[in-house]
Amino acid sequence: MPYDLIVIGSGPGGYVCAIRAAQLGMKTAVVEKRATFGGTCLNIGCIPSKAMLNASELYEEAGHKFAQMGIKVGTPAVDLAAMLKYKQDAVDGNVKGVDYLFKKNKIETFHGAGRLVGPGKVEVKNADGKAQVLETKNVVIATGSDAARLNGIDFDEKRIVSSTGALDLPAVPKKLLIVGAGIIGLELGSVWRRLGAEVTIVEFLDHILPGIDSEVGKQFQRILQKQGIAVRLSSKVTGVDSSGATLKVKVESAAGGAAETLDADIVLVAIGRVPYSEGLGLEALGVKKDNRGRILVDPHYCSNVEGIYAIGDVIAGPMLAHKAEEEGVAVAEVLAGQAGHVNYDVIPNVVYTYPEIASVGKTEEELKAAGIAYNVGKFPFTANARARVNLTTEGFVKILADARTVRVLGVHILGPDAGNMIGEAAVAMEFGASSEDIARTCHAHPTLSEAIKESALAVAKRAINF
Ligand SMILES: Cc1cc2nc3c(=O)[nH]c(=O)nc-3n(C[C@H](O)[C@H](O)[C@H](O)COP(=O)(O)OP(=O)(O)OC[C@H]3O[C@@H](n4cnc5c(N)ncnc54)[C@H](O)[C@@H]3O)c2cc1C
């Protein structure tokens, strides 16, 4: 009996898709080439990076804030081996959780590289080269993405590393040079700076965090520099000489010109990610990709070939775990004849630095470019009672509301716990809320979320506490 669905890849897109399909009664299998389930996110992405961010943030707090609050702990010290074990335990717990969920939902699993070898036929080749062919009515490709490489600079994952190597350094580097001021570069730069590294970030563009509201980005860059991270904008890394004990990194202006050489113990290349769409047999079946290697799909996640679907990082859109998950649910529901759908206007984006940055909806730049008239309501955390109590007053909440209807078009938070707070904004936007709806919703006191209410009040120029 063929499967109703085979999912290739068990990251947040693939495993969630398989579970939803099984819930809907489909006979489902998952093929995963990695030894453990959970994909980039659980094994080498979201989860280990958040473990290291959490541990390093607490270490910094213990060293800097505890005394101010009357807690004496002496001078805290880092036991890096124990911290890496804590990180690995967090990963192991989460990947085991996916294994459990597959069993609970009676999803069959196959370890090995999956490849389409004909319509409805998926070959699974395991590490010893043994292959078997599975038959299925439909395939969902959820093979995710890989770290992008910089021309002429190869990863050895020891001294020249991708995020994977940077999450497993056996010692705190003296000097860490990061290529790329995107989310991954800033998060991992924060981790190692807190643990004692001297961190320099080299960014090709004239601003950090491409795609983030520029007011938030500028203020955060000042905070980063205050924390001790050096940021070199409009600059490019053109080569790394690894012949000596110290890496010699060639840096020049983005526009070209004389190169300067910077020393580093570790170079992290974090210039983005590329879809993992090679070796899947797509060409032989005529499955179309775009010029960046992403599988082209219609609004129902179907490729140009019937029965072959794709979701997550391997298709267009933000490379985020929760985006992949939503698509996994949507495609399973479409396959079951339901109306699966993802609202791409309401996908939150979080940078888990300190303070955090979280946003949902449009930026000011996007609204201006689209010619949409809007009003801004802003409220600083310096005026929020709970932030003052917690000694975490950096940043602000900004709500962008349609000038005529006051419907919320975008919410941007730079501040403590922004990643948790953005959920409120996402729910409000999903329900088509106006800033007035948020302003008239009772928020518990004293909480950081009162800053969201106050910024909604500020849209109508009637904030109470500022
Ligand atoms: C350091 C880092 C931190 C991140 N932090 C966050 C975060 O905090 N929040 C967030 O939302 N996103 C984060 N991301 C991004 C997030 O990890 C990805 O967007 C997400 O994992 C994409 O999910 P996916 O299911 O599309 O693919 P993946 O998670 O990449 O999973 C794809 C799976 O497919 C498998 N596979 C590939 N080819 C084959 C094949 N031929 N046969 C069988 N299996 C195959 C792979 O082994 C992998 O397990 C982070 C990424 C990195 C690198």
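**View 1. Charged side chains across the protein.** The protein carries 50 positive and 53 negative side chains, and the centres of the two sets sit 1 Å apart. Lys and Arg count as positive and Asp and Glu as negative, with His and the chain ends not counted. Each charge is placed at NZ of Lys, CZ of Arg, CG of Asp or CD of Glu. A word on the model: it is predicted, so local features need pLDDT of at least 70 and side-chain atom pairs count only at pLDDT 80 or more, while totals for chains, interfaces and linings use all residues. Residues are numbered from 1 along each chain as its sequence is written, and side-chain values use heavy atoms, with hydrogens and water left out.

**View 2. The overall fold.** Here we have 14 helices and 22 strands, taken as DSSP runs (helices H or I, at least four residues; strands E, at least two) and numbered from the N terminus. The C-alpha trace spans about 65 × 60 × 50 Å along its principal axes. Of the 466 residues, 50% are buried, where buried means under 20% relative accessible area, exposed over 50%, and partly exposed in between (1.4 Å probe, protein chains only). Take the contacts between residues at least 6 apart in sequence: 62% of them join residues at least 24 apart, a contact being heavy atoms within 4.5 Å.

**View 3. Y3 against F110.** By the ring rule there are three aromatic pairs. Rings of Phe, Tyr and Trp (its six-membered ring) pair if their centres lie within 6.5 Å; planes under 30 degrees apart are stacked, over 60 edge-to-face, and the rest tilted. Y3 and F110 have ring centres 6.4 Å apart and planes at 80°, so this pair is edge-to-face. Y3 belongs to strand β1 (residues 3-8) and F110 to strand β3 (residues 108-111), so the pair ties together parts 107 residues apart in sequence.

**View 4. F37 against F102.** F37 and F102 also form an edge-to-face aromatic pair, 5.0 Å centre to centre with 80° between the planes. F37 sits in the loop between β2 (28-32) and α2 (39-44), and F102 is in helix α4 (residues 80-104), so the pair ties together parts 65 residues apart in sequence. F37 counts as buried at 4% relative accessibility, and F102 is buried too, with a relative accessible area of 1%.
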